[in-house]
Amino acid sequence: MTERLHDDDAGIARAAELLLSGGLVAFGTETVYGLGADATNARAVAAVFDAKGRPHFNPLICHYLDAEAAFRHVDAPAVARELAARFWPGPLTLVLPRRVTCPVALLAGAGLDTLAVRVPAGEAASALLRRVGRPVAAPSANRSGQVSPTTAEHVLAGLDGRIAAVLDSGPCAVGVESTVLDLAAGRPFLLRPGGVPLADLEDAVGPIGRGITPLAAEAPRTLRSPGLLVSHYAPLLPVRLGAAAAGPDEALLAFGAAPAGARCVFQLSEAGDLVEAASRLFAGLRWLDDEGARLGLVGIAAMPVPLDGLGLAINDRLQRAGAPRR
Ligand code: TXA
Ligand code: MG
């Protein structure tokens, strides 16, 4: 059963407690309801994709209490600081390079070297973020393919029984998602129109690019051709899918009971748990690349992962990693 919490002190405290113990809590922001997880907890982040039924690992927005907290995790140039001073808290999301020390789970950013950060407005959202004291990763709180929810009832219509709680703060004031601006590629680039009008942003920082971008906002579309997404992490070693075992020159990405004999093994989930596997996928690919290169291996053999639940998204990601390079 999904708990329905009021946005009073007791409700906020309960929501924070659930988040800190790895639970999923939907909460109202000024734009739409978000499906929140502790962004530093890879298991919880994986559970977000599971609850939404997403066939891909889209990167998620990380929500912070204030700009200071956000800019501890990403590199913020002057233009980001100006925009933050003017529009935060509010419906603006900034995509910026992750710092090496950033504790946010790799899966939250879908393995990208950038992170989307935002400081939402709205008392309940701020109170929750203050209480949690950590970034909260949150996509819109709808099942994949459905429209974004702007009331707690909408959230429950899609996710009742799939999440720990919904924190009801009434209808969302803005009602459309945040504007997503990419500041990682040099000049500002609009990835998604939203709650802050483009004209207001251009007033603040001058011309903003839009149209075709290497870092397109619609990740599911562009991720299909990994070469298009310049900063997306693709393993350097080629990935061979559906492998029963690793060849002598291959590293092994294992799922479930692994055959003996591989020189370099990363276990996604010994128990065959898809949520655990998803939470370890991006870290695993990076590790195998580094270790594999160190040992002079030439490829990654990936054991089969079933297609149910998060298995679809895991296979989708492995297929992209295994696709021929240009
Ligand atoms: O108003 C909103 O933004 C709501 C509330 C809950 O904050 N959230 C929301 O999240 O709409 P979601 O996951 O439905 O949309 C996030 C968008 C997607 O288009 C995603 O591809 C893009 O932000 N995005 C996230 N991280 C990114 C990154 N590192 N680089 C490029 N795009 C990114
Ligand atoms: Mg959405």
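Modeller: In strand E14, residues 299-302, Gly 299 and Ala 301 point one way, whereas Ile 300 and Ala 302 point the other way. All of these residues are buried (under 20% relative accessible area, with exposed meaning over 50% and partly exposed in between, for a 1.4 Å probe and protein chains only). The model is a predicted one, in which local features need pLDDT of at least 70 and side-chain atom pairs pLDDT 80 or more, while totals for chains, interfaces and linings use all residues. Residues are numbered from 1 along each chain as its sequence is written, chains are lettered from A and ligands numbered from 1 in the order written, and side-chain values use heavy atoms, without hydrogens or water. Helices (H or I, at least four residues) and strands (E, at least two) are DSSP runs numbered from the N terminus.

E14 pairs with strand E12, residues 250-254, in the parallel sense over 4 bridges; pairing requires at least two bridges found by DSSP. Within E14, Ala 302 stands opposite Leu 253. Strand E11, residues 239-240, also runs parallel to E14 and is joined to it by 2 bridges. There, Ile 300 of E14 has Val 239 opposite.

Helix H9, residues 274-294, may be considered next, together with helix H10, residues 311-322. The two axes come within 9 Å and cross at roughly 20° (axes are lines fitted to C-alpha atoms, for helices over the stretch in contact, with angles from 0 to 180 degrees between N-to-C directions). From H9, Leu 274, Ala 277, Ala 278, Leu 281, Phe 282 and Leu 285 meet Gly 311, Ile 314, Arg 317 and Leu 318 of H10, contact being heavy atoms within 4.5 Å.

H9 also packs against helix H2, residues 42-52, with axes that come within 8 Å and cross at roughly 115°. H2 and H9 are therefore roughly perpendicular to each other. On the H2 side, this contact involves Ala 42, Arg 43, Ala 46, Ala 47 and Asp 50, and on the H9 side Val 275, Glu 276, Ala 278 and Ser 279.

Another part of the model is an open sheet of 10 strands with mixed pairing, in the order E1-E8-E2-E3-E7-E4-E6-E5-E9-E10. Its edge strands, E1 (3-6) and E10 (189-192), each pair on one side only. Inside this order, strand E5 (residues 92-97) and strand E9 (residues 179-182) pair in the parallel sense over 4 bridges, and Leu 92 has Thr 179 of E9 as its bridge partner. Helix H4, residues 78-87, lies across E5 and E9 and runs at about 160° to E5. Helix H5, residues 123-132, packs on the sheet as well, touching E2 (25-28), E4 (61-63), E7 (136-137) and E8 (165-168), and its direction makes about 135° with that of E2.

Most residues other than glycine have a negative phi, and most peptide bonds are trans. Ala 110 counts as buried because its relative accessibility is 1%.

Key: Parallel < 35°, antiparallel > 145°, perpendicular 65-115°, else oblique.
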